[in-house]
Amino acid sequence: MGRVVKFCSVSKMDNLRYALKVFDTIPNPDAFIYNTIMRGYLQRNLPRNCILVYSEMLQEFVLPNNFTFPCVLGACSDDYAIEEGKQIHAHVLKLGFGLHGFTQNSLIHMYVNFESLEEAKRVFDKMLNRDVVSWTSLINGYVHSNRFHEAFSLFERMKEVDVVLDKYVAASMLSACTGLGSLEQGKWIHCYIEKNGIELDSKLATSIIDMYCKCGYLEKAFQVFNGLHYRGISSWNCMIGGLAMHGKGNAAIELFKEMERKMVPPDNITFVNLLTACAHSRLVEEGRYYFHYMTEAHGIEPRIEHYGCMVDLLGRAGMLEEARKLTDEMPMNPDESVLGALLGACRIHKNMELGEQIGKRLINLDPKNSGRYVLLANIYANAGRWEDVANMRKLMNDRGVKKTPGFSVIELEGVVNEFTAGGRAHPEAKEIYAKVDEMLEGIRPFGYVPDTEGVLHELEEEETENPLNHHSEKLAMALGLLKTKPGETLRISKNLRVCKDCHQASKLISKVYKREIIVRDRNRFHHFKMGECSCEDYW
């Protein structure tokens, strides 16, 4: 065992080193003893040593048993030992443990950790008896890989076989609801938690608040938050962050002040959310104040995320020179998020000179991110530099950089409907397109004129033969109007920034159809009501 011991420092060994000394005196250790040593290493976060013990066990011709594989597979997962994990899976099958429940769950967990979800699914499908761990592991894998539709599909199967929902799968599915903007499913899970007395720990409470915030139901998020017997730092941060993304900067500041009154020490995430709230609400002086306050009052030194928030705050407000100066004076090198915030501000305020400088720098720093090319191309287009726009397209093609496809989703009667620009895959596409035409004709008397400026060069937006009329959120909105009762709120989630034309159209549609329309885009929420937007055209 000496060659295994040398990989482990004595300070981490604790009582294990004494166990190893005893192990060395045993002439023919059996599987039970090898398993004990492996568990000792795994419990002390030394997975590589665990794998080495397993290898030695095989060299000594000691056959593993049903307790061996969960341990060594867990070690492969923790050590991200993909090849060893695959080899041990082969041993599992060869030795006849392929249908052992604990081993199968360990295989699913390992493949999920390796992001090999197809392999995890194959193991899952072969199981004769699945427990809540089996379902939770695979659902977690889909959620963490942003494969939310598959997570929902698996969750529906889980409910059909009456597997008891626990707090872990509840938290995962709430994350899936958040990712897709599925409010009705989120409500169902929240109701299940309450009815079945599932322990509402800090993580689960935060997941519920986050789901309501990101599904556009801020009032319910506040209700849950206010009803908590204990509010941990994560709950406060989540609620402040929710107010930030809904553009309620002053409310976020008031909640932060209440947090201080309750003697809850803020952390760096608190101030990221607070500064973001200031940025989305044009609270420049307040943002400057809290940027310094975090260090002076709480001893929290600004991290790169805080500088990014300040650059965003100043840039959105048109203070581009001050924002640029801040990037130059930062104690660390500005990263992609900081420079991206400045580039976005250059686009908004049509500062071609600074935008070109920052854009080129950002593309060199982050060459695979399509959004960087998109922003710079649109800055060129606003300046009428069409040759440079063409060159940017060519550079993307030469480097194999694909722009992010745009899509929007709307949940109706528990079903999540997804649309792409110009897409006709929905079974009611004919009726939807007719409704879009009706919507746009209905808002023309109220001043709607399609914003064609820049349509030909909007690389990021959803380009089709008729890009303005058939952007994905317009299609989602049309289905919502077709399928809901007058006066009901429409909630739409979108993966890209809302374009100017859709923003203007949404304001007028909310007025003509007397609806509140809540749209979550990549950056924030827009609450359209009676012809106005909560962002006050500041996004």
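In this predicted model, I410 stands opposite I492, a residue of strand β3. Strand β1, which covers residues 407-412, pairs with strand β3, residues 490-494, in the antiparallel sense, and three bridges join the two. Helix α27, formed by residues 472-483, packs on the sheet and touches β1, β2, β3 and β4, while its direction makes about 15° with that of β1.

The sheet itself is open and is built from six strands in the order β2-β1-β3-β4-β5-β6, with mixed pairing. Its edges are β2 (415-420) and β6 (532-533), each of which pairs on one side only. A further helix, α28, lies across β4, β5 and β6.

| Helix | Residues | Strands touched or crossed | Angle |
|---|---|---|---|
| α27 | residues 472-483 | β1, β2, β3 and β4 (517-520) | about 15° with β1 |

Turning to the whole protein chain, 28 helices and six strands are found, and the C-alpha trace spans about 90 × 55 × 55 Å along its principal axes. Of the 539 residues in the protein chain, 52% are buried. Among contacts between residues at least 6 apart in sequence, 65% join residues at least 24 apart.

The protein chain exposes about 25500 Å², of which carbon and sulfur atoms supply 52%.

Methods
Residues are numbered from 1 along each chain as its sequence is written. This is a predicted model: local features need pLDDT of at least 70, side-chain atom pairs count only at pLDDT 80 or more; totals for chains, interfaces and linings use all residues. Side-chain values use heavy atoms; hydrogens and water are left out. Helices (H or I, at least four residues) and strands (E, at least two) are DSSP runs, numbered from the N terminus. Buried means under 20% relative accessible area, exposed over 50%, partly exposed in between (1.4 Å probe, protein chains only). Contact means heavy atoms within 4.5 Å. Accessible areas come from the Shrake-Rupley method with a 1.4 Å probe; for residues, only the protein chains shown count as cover. Two strands pair if DSSP finds at least two bridges between them. Axes are lines fitted to C-alpha atoms, for helices over the stretch in contact, and angles run from 0 to 180 degrees between N-to-C directions.
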